[in-house]
Amino acid sequence: MTLLETDLDDVPAPQGQLTLKLLASRQDTNFYGDIPGGWLVNQMDQAAELAAGREAGGRTATVAIEAMDFLSPVRVGSMVSVYTQVQEIGHSSIKIDVEVWVRPPHGQRIEERQKVTEARFVMVALDDNGRIRAVHSD
């Protein structure tokens, strides 16, 4: 069955904007040859910072990461895509939903992509001195 033969609403799809795309390589593995969860969290944090920085027009920092479950392992050679979606903007904070999807090393079809994890990142806007500031200047 091809993607065109399926109902598009039945095909899981990432939410948000593609913010980072990279290859999970051998240099990213732990002692046992696996891609560690911490590596994924690092990629998610970078993507959240990029999205928050665009919204805040400058420097931001992570202040919280809400619950995260790892749904499946990431294999060496997988294409890792990190999606971000701004959910809420406060006075100095920005809440961003981050999803990680992978396509396995030899995966060619879009149906082969799968969600690995998701979390909500809470970011704050910072001034040049590293102090919390308003997201949008009045």
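**Close-up views of a predicted model**

**Figure 1. The largest nonpolar core.** Val74 and Val80 touch the most other members among the 26 residues of the largest nonpolar core. The elements that each give two or more residues to this core are strand E1 (17-23), helix H1 (37-56), strand E4, strand E5 and strand E6 (114-125). H1 supplies the largest share, eight residues. In soluble globular proteins, nonpolar side chains tend to be buried together. The model shown here and in the views below is a predicted one.

**Figure 2. The chain as a whole, for orientation.** The protein chain contains one helix and six strands. Read from the N terminus, the order of these elements is β-α-β-β-β-β-β. The chain has 138 residues, of which 34% are buried.

**Figure 3. The largest pocket and its lining.** The largest pocket holds about 150 Å³ of space. Its lining is formed by Leu18, Lys21, Met79, Ser81, Tyr83, Trp101, Val102, Arg103 and Arg113. Strand E1 (17-23), strand E4 (79-89) and strand E5 (93-103) are the elements that give two or more residues to this lining. By residue type, the lining divides into five nonpolar, one polar and three charged residues.

**Figure 4. Arg113 and Trp101.** Both Arg113 and Trp101 belong to the lining of the largest pocket. The charged end of Arg113 sits over the ring of Trp101, and the distance to the centre of that ring is 5.5 Å.

**Figure 5. The aromatic pair of Phe31 and Tyr32.** The count of aromatic pairs in the model comes to one. This pair is formed by Phe31 and Tyr32, whose rings lie 5.2 Å apart, centre to centre, with 85 degrees between the planes. The arrangement is edge-to-face, because the angle between the planes is over 60 degrees. Phe31 has a relative accessible area of 77% and is therefore exposed. Tyr32 is likewise exposed, with a relative accessible area of 68%.

**Figure 6. Thr62 in strand E2.** Thr62 is located in strand E2, which covers residues 60-65. With a relative accessible area of 31%, Thr62 is partly exposed, since that value falls between the limits of 20% for buried and 50% for exposed residues. Thr62 and Gln46 are separated by 16 residues in sequence, and their C-alpha atoms lie 9.6 Å apart in space.

Definitions and conventions. Residues numbered from 1 in each chain as written. Predicted model: local features only at pLDDT ≥ 70, side-chain atom pairs only at ≥ 80, totals over all residues. Heavy atoms only, no water. 1 Å grid on protein atoms, 1.4 Å probe; cavity = no way out; pocket = protein on both sides within 12 Å on 5 of 7 lines; lining within 4 Å. Points joined across faces, edges and corners; volume = space filled by probe spheres on them. Helix = DSSP H or I, 4+ residues; strand = E, 2+ residues; numbered from the N terminus. Nonpolar A, V, L, I, M, F, W, Y, C, P; charged D, E, K, R; others polar. Phe/Tyr/Trp six-rings, centres within 6.5 Å; stacked < 30°, edge-to-face > 60°. Buried < 20%, exposed > 50% of the residue type's maximum accessible area, 1.4 Å probe, protein only. Lys NZ or Arg CZ within 6 Å of the ring centre and 35° of its normal. Core = buried A, V, L, I, M, F, W, Y, C linked by side-chain atoms within 4.5 Å.
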